[in-house]
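Visitor: Can we walk through this one? I'd like the sheet, then the ligand.

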Amino acid sequence: MDVGIVGLGLIGGSLGLSLRHAFQQVSDGQRLAELPGRTDRHRVLGVGRREEVCRAAVALGATDEASTEMSLLSSADIVFVCTPLAVIVSIVEQLAQYLSSEAVITDVGSVKQSVVAAVSPMWSNFVGGHPMAGTADSGLEAAQLGLFAGRPYVLTPIATTPPRAVALVSAVVNLLESRLYQCSPEDHDRAVAWISHLPVFVSAGLISACLGETDRQIVRLAASIASSGFRDTSRVGGGNPELGLMMATYNRDALLRSLYAYRQECDRLIVALEQEDWRTIATTLQQTHQARPTFVADP
Ligand code: NAP
């Protein structure tokens, strides 16, 4: 089987490293046998937009071959589009000229509704996807073997998505040892607004609010004594600005819904504080203490 990757950055590079590793594992023979195409040879073919990145991808072991030319992927059974959201549709347009009509295209974009709506009419064997894994860094140099292991990987097929295409993407994602989920693109975008996009905006708001303290001496003191609590709560708001802007642009409606609800919750707590309503505050903190493990488990 030939797997293509377009966009050799953090996600594309990590995908290549992890798939090549899986292809080399003898113990994966059973899972590899389920894949289409040639069973005696499994390759990862990468397309980047710069020659030096292509050379680095091969040197790093993220791809068997890499090129700036999309034609490299003409033999691909499946292609993962791992570019920024803004160019996914135009990449699929270009890919369509080179792929066999049987080939499956999937993407890794962090927002699904707009991508799935635009790409599905262009390529019937398209399955939207989103690995729920990443780091604060970007680019091929940040790529990690095993980035997706144990992490959720969401597929967002729609009524017209061929089951065979979903089965193929699922089989390849299983090689990454991810936890596979399926839902509609709409549900995906609403869910990630809560657990991924709202946290970025809340965290960014936290950092902005701290900077708004007018007494510079207090700001300096706060910065000197900030520790693990501030590190945890400011991490996503202090991350890659392009990713935050992408969330706002492509998932505006769901993010706004979540932000309005969050503002309402802040207002409720402010009123409780103003009124010294310690019972409401205690009850709220008791409930959030109990609810947190529903979303995340501490390592
Ligand atoms: P990244 O590290 O910046 O990698 C993006 C890659 O796409 C780079 O190699 C870049 O090439 C390439 N690229 C940009 N424009 C291109 C174009 N017009 N044609 C071909 N290649 C192009 O970003 P990333 O974090 O891997 O994100 C990629 C995708 O993964 C995004 O859609 C994002 O929503 C999704 N995602 C990200 C995370 C995360 O935490 N980072 C998690 C899940 C999903 P150059 O090297 O030349 O710049």
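Guide: Strand 7 (129-131) and strand 8 (residues 152-155) pair in the antiparallel sense over three bridges. Strands pair if DSSP finds at least two bridges between them. Strands are DSSP runs (E, at least two residues), and helices are runs of H or I with at least four, numbered from the N terminus.

Visitor: What is the bridge partner of Gly129 in strand 8?

Guide: Leu155. This is a predicted model: local features need pLDDT of at least 70, side-chain atom pairs count only at pLDDT 80 or more, and totals for chains, interfaces and linings use all residues. Residues are numbered from 1 along each chain as its sequence is written, and side-chain values use heavy atoms, with hydrogens and water left out.

Visitor: In what order do the three strands of the open sheet run?

Guide: The order is 7-8-9, with mixed pairing. Strand 7 and strand 9 (179-182) are the edges, each pairing on one side only.

Visitor: Now the ligand. How many residues surround it?

Guide: 24 residues, the closest being Leu10, Arg50, Thr83, Ser110 and Gly139. A residue counts if one of its heavy atoms lies within 4 Å.

Visitor: Which backbone atoms sit by ligand oxygens?

Guide: A polar backbone atom of Gly139 is 2.6 Å from a ligand oxygen. For a polar backbone atom of Leu10, the distance is 2.8 Å.

Visitor: And which side chain?

Guide: Arg50: an N or O atom of its side chain is 2.8 Å from a ligand oxygen.

Visitor: Which elements give two or more residues to the shell?

Guide: Helix 1 (10-24) and strand 7.

How values were computed. Polar contact = N/O pair within 3.5 Å; in protein donor to acceptor, adjacent residues only side chain to side chain.
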